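Please describe the nonpolar packing and the aromatic ring contacts of the structure shown here, with the cut-offs behind each term.

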Amino acid sequence: MSPLWICLRLPRLPLEVFRPRWCPELPVAVLDGGQVCVASASAHQAGVQPHMRRGGVLAVAPRTLLYTRAPEQEEALRERVAMALLQFTPCVATALDEAVLLEVSGSLRLFGGIRVLCRLVRQTAQQLGCSTVLSCAPTAHGAWLLARGGRGTRRTMRLARLHARLDTLPIGVLPEAGPEQAWLAGLGCRTLGALRHLPRAGLRRRCGPAMLDALDRAYGDTPALLDWLEAPPTFHARAELPDRMTHAEHAQHAADGLLAQMLGWLQVHQYAVTHYTLHLEHERGRQAIAPTALEIALAEPTWQHAHLTRLLRERLAKLVLTAPILAVGLSVTQVQARAPLSETLFPEPGGTAQDHARLLELLAARLGPEHVLRARPQADHRPERANHWEPATLPAPCSARPAAPSTTAPALPRPAWLLDAPIPLAVHGHAPHYGTPLRLVSPPERIESGWWDGDTVMRDYYVAMDDGHACYWIYRERRSSQDHAPARWYLHGLFG
């Protein structure tokens, strides 16, 4: 399989990160050395030009928000983007000029082709607040030069086509040719194609081997040696917010970027997350407020971005903040090895167990865990205590080995509907009545239990039928020999 590379070139500083949410059209500019290096479209319309100084910007556009360039933040952003892109391929490397390289030849079939994969890569970068230039080529350095030249709108799949496109690029896109660009222009050599037609021996003596080596890597004549990104053994990520957020759902955009990084980390280690924590950081310094920790426990291990995002959105919508949010952090606390995919030929009817668990998690996040319950059996013979209700998102207990069926007596039927409290029945002529006389149609089932907690029951249960052939589950209280009161009957369950 021939290699295929995607190059994602990030902007020098992503203005989307700094664009204020309360007024997205407000002009924004970034200063480097006191001069404008990047400006938003609205700033350009207001008259802000490159290399303009602070005073000039405030003179022509007083409402412009000015930020100072921070190279360390740019490098941190590129590392976050590279971590998030690990969910598409394990072969991810960083390159010069704020670029990230991905070798995706082994991922095309998994994600449905190069068009879909390029769209997913671009969307992932946008989740972290980056507008990018994306290119695709059979060589890593060739894809990087196409992105650097701003010609990444089309995908180049064949090596011959890549050569034709590289030949038209100006020499300025090749960093190694920068010191000799004026000399080459004097020779009439202004494109990479013209540079390749010059004598190699003379170029090597005049310019050194670095420029020719870069050309060979771009055109595929020599392989590229890259340092692959290695994911850490544990995951913790943090993102500063552009301004104070007074509502928890406003931090969803930053949380989506953290989730994208977590998915890349999970994909590399072949993990599925079961528990993670979202930290919402507040004031610092003298008036410091402890971060708000939002614990996300999953009923089933998952690594699906859509489910994690939707579940987190539901939880943030219900969260009431005590103070504005300044930053968001995410840490993974529990993971499991990813289970292999089902090998069945036909899909399971009604969805898989993972689909059922995701539905319960979304219902619990929207309605509250106390409103989505399930029954858990208890080791107690008393029917009213044989199970209890618990949140449906809690981990299911380990099922005990079923007891061997009895060969002495058949199992007696139990009703599907058990009343909250037994209803006393009227007795006429030693027979219980519930609207009409009830006729016993089953042998008795004796239950004597509860002596250890002071709530002893001594009952004989029967299946009874009325004149309309409706079946009921009734019992008669057993009395001791000293108790001469008549036996009392109770209705405890209804059959369908």
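## Aromatic pairs and nonpolar cores

Trp265 has a relative accessibility of 2% and so counts as buried, the term standing for under 20% relative accessible area, with exposed over 50% and partly exposed in between (1.4 Å probe, protein chains only). The model is predicted, so that local features need pLDDT of at least 70 and side-chain atom pairs count only at pLDDT 80 or more, while totals for chains, interfaces and linings use all residues. Residues are numbered from 1 along each chain as its sequence is written, and side-chain values use heavy atoms, with hydrogens and water left out.

Rings of Phe, Tyr and Trp (its six-membered ring) pair if their centres lie within 6.5 Å, and planes under 30 degrees apart count as stacked, over 60 as edge-to-face and the rest as tilted.

| Pair | Centre to centre | Angle between planes | Class |
|---|---|---|---|
| Phe88 and Phe111 | 5.4 Å | 65° | edge-to-face |
| Phe235 and Trp265 | 5.9 Å | 40° | tilted |

Phe88 and Phe111 are both buried, and Phe235 is buried as well, at a relative accessible area of 6%. Ring pairs also join Tyr461, Trp473, Tyr475 and Tyr490 into a cluster.

A nonpolar core is a set of buried Ala, Val, Leu, Ile, Met, Phe, Trp, Tyr and Cys residues joined through side-chain atoms within 4.5 Å. The largest such core has 61 residues, and Ile6, Met262, Tyr276, Leu278, Leu312, Val328 and Leu330 have the most contacts inside it. Apart from it lies another core, of 31 residues, among them Val173, Leu192, Met211 and Leu215.
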